[in-house]
Amino acid sequence: MSGPLDGVLVVDLTRALAGPHAAMMLGDLGARVIKVENPGSGDDTRGWGPPFVQPEGRAEPEARESTYFLSTNKNKESITLDLKDDADKAVLTELLRRADVLLENFRPGTLARLGFGTDVLAELNPRLVTLAISGFGHDGPEGGRAGYDQIAQGEGGLMSLTGSGPDDPQRVGVPIGDLLAGMYGAYGVLAALMERERTGRGQVVRTSLLAAIVGVHAFQGTAWTVAGRVGRAQGNHHPSIVPYGLFHCAGGSVQLSCGSEGLWRRLCAEFGFDPEAPGMATNGERVGNREQVIAMLEDAFADIAPEDLLARLAAAGIPAGKVRTIDEVYTWDQTLSQGLLVDVEHATLGRLSLPGPPLRFFTPGPDGETETTRRDHAAPPVLGADGDAIRAWLSSSAGVPQPAGDDVEEGHAT
């Protein structure tokens, strides 16, 4: 149960979040991922904290690990290379000769200046699939801009749709632009690998934080492109379906969704409303009278505790749920049943629990399904932990100069 990408070699030159997330997705699927990091400092996210965790009995700063880094680097090996040093570049060259996939999120043009432009890569390994992630695209009038998630959320329109109202733009609570770019990037890599089976050649896949955010505009995008309507933030209620959102009740709140007229009628029957009342009979009417509908429901819910309200909604067949805190999510039986928490053994921190991959795999058969989801997850690596083993592996089939040189800082895009 090693995963559908068993045998695929990924060289990960990325840092921060978008690229590392894409690489981790490929690793979760069974690919061998070799993460290349700067000597001394490693991936920027190794220093992003607090929170940090440290091995028991060790207080020195270099022994600590950031939970940010741990979140996006499981199922990888780590080697440190100075990409301005000829010997280290030779090591990278040998890795790329063997690789199926290269991931990079340098600013556009940086990899070429280091001697690994797309022409060089194509000559070095014609079957190589390269994923390049940038902030705003690799060309165009602003293609060279550095990409930072919150800036991209604002520039990509997402913050204008998020918040309590039009004058209260808010970022999403996780770096969603980075994460989406990583997800789209991994999706592109898989498509390119499939095409390689037909053509025998790799290709370059490019995406950006901007592209990823625009890619999930969904109905808010077509509201503008087709109908000329500009969406605005309006809090915790759906712009096109009413009632659908968060409603206050006695001592808390619940979320509910009436995505059909049948559900609306069930809700009305449970709480004594007339579903055909003026301004309420259709979803379009209710959207136009949103505040009246919200006020009516919250008045009916005012004396009902959240758990009691959820029980009544469930009995009536109304989709509903609570707003869980993060700790509640990771102790929820349903989360655990889906493999969304995995235990790994870290080289210095010992046993850790990490968020698990969101995909599961099953093989159907005459006696039912057999789950083939990968189970043997590896902890995020200590900086450079696998360097000696990787060099030995490379040297076993081709002579590779041993590395030397000082730490180098190159500007990654995301």
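1. Largest pocket. In this predicted model, the largest pocket has a volume of about 1,000 Å³. Its lining is made up of 31 residues, and those closest to the pocket centre are His21, Ser71, Leu179, Tyr330 and Pro355.

2. Elements around the largest pocket. At least two lining residues come from each of α1 (18-28), α2, α6 (149-155), α7, α14 (326-330) and β13 (350-355). The element that gives the most to this lining is α1, with four residues. By class, the lining of the largest pocket holds 18 nonpolar, nine polar and four charged residues.

3. Second largest pocket. The second largest pocket contains about 470 Å³ of space. It has 22 lining residues, and Leu161, Gly235, His237, His238 and Pro239 are the ones nearest its centre. Two or more residues of this lining come from α9 (219-225) and from β9 (244-249), with β9 giving the most, three residues. The class count for the second largest pocket is ten nonpolar, eleven polar and one charged.

4. Domains. The chain divides into domain 1 (9-216 + 337-395) and domain 2 (244-322). Taken over C-alpha atoms, the centres of domain 1 and domain 2 are 42 Å apart. Both domains take part in the second largest pocket: domain 1 and domain 2 each supply at least three residues of its lining.

5. Aromatic pairs. Which arrangement do the rings of tryptophan 48 and tyrosine 68 adopt? The model has four aromatic pairs. In the pair of tryptophan 48 and tyrosine 68, the ring centres are 5.0 Å apart and the planes stand at 90°, so the arrangement is edge-to-face. This pair links distant parts of the chain, 20 residues apart: tryptophan 48 is in the loop between β2 (32-37) and β3 (52-53), while tyrosine 68 is in helix α2 (residues 67-71). Tryptophan 48 has a relative accessibility of 38% and therefore counts as partly exposed. Tyrosine 68, with a relative accessible area of 26%, is partly exposed too.

6. The rings of tyrosine 184 and tyrosine 187 have centres 6.3 Å apart and planes at 65°. An angle over 60 degrees counts as edge-to-face, so this pair is given that label. Tyrosine 184 and tyrosine 187 are three residues apart in helix α7 (residues 176-199), and so about one helical turn separates them. Are these two side chains buried or exposed? Tyrosine 184 is partly exposed, because its relative accessibility is 31%. Tyrosine 187, at 60%, counts as exposed. Helix α7, which carries this pair, is also one of the elements that supply at least two residues to the lining of the largest pocket.

7. Phenylalanine cluster. Phe247, Phe271 and Phe301 are linked into a cluster by ring pairs.

8. Charges over rings. Arginine 64 lies over the face of phenylalanine 52, at 3.7 Å from the ring centre. In another such contact, the charged end of arginine 324 is placed over the ring of tryptophan 332, with 3.6 Å to the centre of that ring.

How values were computed. Residues are numbered from 1 along each chain as its sequence is written. This is a predicted model: local features need pLDDT of at least 70, side-chain atom pairs count only at pLDDT 80 or more; totals for chains, interfaces and linings use all residues. Side-chain values use heavy atoms; hydrogens and water are left out. Rings of Phe, Tyr and Trp (its six-membered ring) pair if their centres lie within 6.5 Å; planes under 30 degrees apart count as stacked, over 60 as edge-to-face and the rest as tilted. Buried means under 20% relative accessible area, exposed over 50%, partly exposed in between (1.4 Å probe, protein chains only). A charge sits over a ring if NZ of Lys or CZ of Arg is within 6 Å of the ring centre and within 35 degrees of the ring normal. On a 1 Å grid over the protein atoms alone, a cavity is a set of points where a 1.4 Å probe fits but cannot get out, and a pocket is an open set with protein on both sides within 12 Å along at least five of seven lines; lining residues have an atom within 4 Å of a point. Grid points are joined across faces, edges and corners, and a volume is the space filled by probe spheres set on the points. Ala, Val, Leu, Ile, Met, Phe, Trp, Tyr, Cys and Pro count as nonpolar, Asp, Glu, Lys and Arg as charged, and the others, Gly among them, as polar. Domain bounds come from an automatic or database domain assignment.
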